[in-house]
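Thanks for coming, everyone. I'll take one structure today and walk through its parts.

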Amino acid sequence: MDLLHSASPFPAIGFAHTHRSRSTIPLHTCRRLCIVRASLPFSIQKAKYCRELEAAVDVVERACHLCVDVKSSLFSTDDRIVEKNDQTPVTVADFGVQALVSLELGKLFPSIPLVAEEDSSFLRSNNLEDSVVSAVNDKAGVEDKPWARDDVLKAIDRGAKEAFLFGTKPATYWVLDPIDGTKGFLKGSEALYVVGLALVVEGELVLGIMGCPNWRNDFSNEFISEVPKKENLSRSGIIMVAHIGCGTWTKRLSYTLDCWTRCFVDGCRLVHVAHFCVPDSQTWESLPLSATVSATTNADSIEDNQVLLSPTCCGSLCKYLMVASGRASAFILLAKAQRTVKAWDHAVGMICVHESGGKVTDWKGSQVDLAADIDGRRIIFPSGGVLVTNGSLHDQILEMISSRSSAV
């Protein structure tokens, strides 16, 4: 299957400053903005997987609205919050998103398997099926008949570990994280969470969609001025899409006119003034860079030789979104021996960062291998961890990681 590899020449029609600066450092980060109105920001001639992307954008948008609806009643209905056996918070929204995405994509692309996080066993054992079925049917297509309980449960299990064995050949499949950052979903309106969906074709990432329902303040003043005043701009959320060779783009989740804005990584070239993201389960002190620079979450009191950490992202995909949109310079994940690294926490973020001009590797500079888990395509094995950057900082950070590892 031929893939589209050449970048499309989109014109830059405006500039927006998106990165902090200090009095001793020249302003170094300008992000070009290209704004278009269309169902997708590129034509069928430029996007080989346009049909798949249109379907994926539609279902991720509906999945985001499902999350918002479930969350609105999260704390008023006791059976809306449960915990899996690993004590990770999971809600009706997780299962509902997986069922909705599986049902819609299975209907349109029945031959493409799904790799996803959940299975229905826990749902069945806790008698939550009816809540999930109701949430899914609320967001089903207008032409669809109401989905039956068995249809919904089978759709969830279509993404489960036992559903499909891939083997050693390059494979084509969807990768879904129904809610990345479930803890953020449960925390309240300030913490970010993401619905993430990617398509792998013959072993290569070709498109990705991330929906973040409570993303804030990511568009230029020109773009915001086009949005109707009655909308709550600070809480409208965004959809981010990436297609191989066509760039990474965003639009507002609640904006009916499809105004797409192209994304670019920031232009920071100095590690000690960069904006970083790290997992909530890890501290800056656990990372090799801490031997050289310290970190703070207080943007108003950053000292010399101190980097800024983002405090609002709960899941890995939120951090990829920050880098791809130019709101952060780097995301560093330390792979812990006692925890597996899941493909759905990284796949869609990888293509979004790549198509916005960034770079993703393991800590040795090697590409992240999505096929390392030969049978299931569910686990990745990055050496040391995952490094996501704007590209300009990549070699510098790899060198700092390598130097620190050698010293230890």
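Three elements each supply at least two residues of its lining: strand S9 (204–212), helix H9 (347–355) and strand S18. Which of them gives the largest share? That is H9, with four residues. The volume of this second largest pocket is about 640 Å³. Its lining has 28 residues, and the closest to the centre are Glu204, Leu205, Met350, Gln367 and Val368.

Stay with H9 for a moment. Valine 348 lies in this helix. Is valine 348 buried or exposed? Its relative accessible area is 2%, so it counts as buried. Now look at what it touches. Leaving out residues up to four places away in sequence, valine 348 contacts Gly196, Leu197, Ala198, Gly208, Ile209, Met210 and Leu317. Valine 348 and leucine 321 sit 27 residues apart in sequence, with their C-alpha atoms 9.6 Å apart.

That takes us to helix H8. H8 spans residues 316–324, and nine of its nine residues are buried. Just after H8 comes glycine 326, with a positive phi of about 80°.

Next, strand S20, residues 385–389. How many of its five residues are buried? Five of the five, so S20 is largely enclosed by the rest of the structure. Gly385, Leu387 and Thr389 point one way, while Val386 and Val388 point the other way. Both sets are buried.

What does S20 pair with? Take strand S16, residues 330–334. S16 and S20 run antiparallel, joined by five bridges. Within that pairing, phenylalanine 331 has valine 388 as its bridge partner. Then take strand S18, residues 359–362. S18 and S20 also run antiparallel, with four bridges between them. Here threonine 361 stands opposite leucine 387. Remember that S18 also supplies at least two residues to the lining of the second largest pocket.

Now the cysteines. How many disulfides are there? The count is zero. Take cysteine 212. Its closest cysteine sulfur is in cysteine 318, and the two sulfurs are 5.4 Å apart, which is too far for a bond. The cut-off for a disulfide is 2.5 Å between the sulfurs. Cysteine 212 is buried, at a relative accessible area of 1%. Then cysteine 246. Its closest cysteine sulfur belongs to cysteine 50, at 8.6 Å, again too far for a bond. Cysteine 246 has 0% relative accessibility, so it counts as buried.

Isoleucine 244 is in the loop between strand S10 (238–243) and strand S11 (247–252).

On to cavities. The structure holds one cavity of 30 Å³ or more. The largest cavity contains about 40 Å³ of space. Its lining includes Leu114, Val115, Arg158, Lys161, Phe164, Phe166 and Arg378. Gly159, Ala160, Ala163 and Gly376 line it too.

Step back to the whole chain. It has ten helices and 20 strands. Of its 408 residues, 58% count as buried. Take the contacts between residues at least 6 apart in sequence: 72% of them join residues at least 24 apart.

Last, how far can we trust it? The average pLDDT of the chain is 83, and 80% of the residues score at least 70. Residues 1–31 have a pLDDT below 50, and beyond near neighbours in sequence this stretch makes 90 contacts in the model. Residues 218–234 also stay under 50, with 32 contacts beyond four places in sequence. Where pLDDT is low, predicted coordinates should not be read in detail.

Technical notes: Residues are numbered from 1 along each chain as its sequence is written. This is a predicted model: local features need pLDDT of at least 70, side-chain atom pairs count only at pLDDT 80 or more; totals for chains, interfaces and linings use all residues. Side-chain values use heavy atoms; hydrogens and water are left out. Buried means under 20% relative accessible area, exposed over 50%, partly exposed in between (1.4 Å probe, protein chains only). Two strands pair if DSSP finds at least two bridges between them. pLDDT is the predictor's confidence in each residue, from 0 to 100. Contact means heavy atoms within 4.5 Å. On a 1 Å grid over the protein atoms alone, a cavity is a set of points where a 1.4 Å probe fits but cannot get out, and a pocket is an open set with protein on both sides within 12 Å along at least five of seven lines; lining residues have an atom within 4 Å of a point. Grid points are joined across faces, edges and corners, and a volume is the space filled by probe spheres set on the points.
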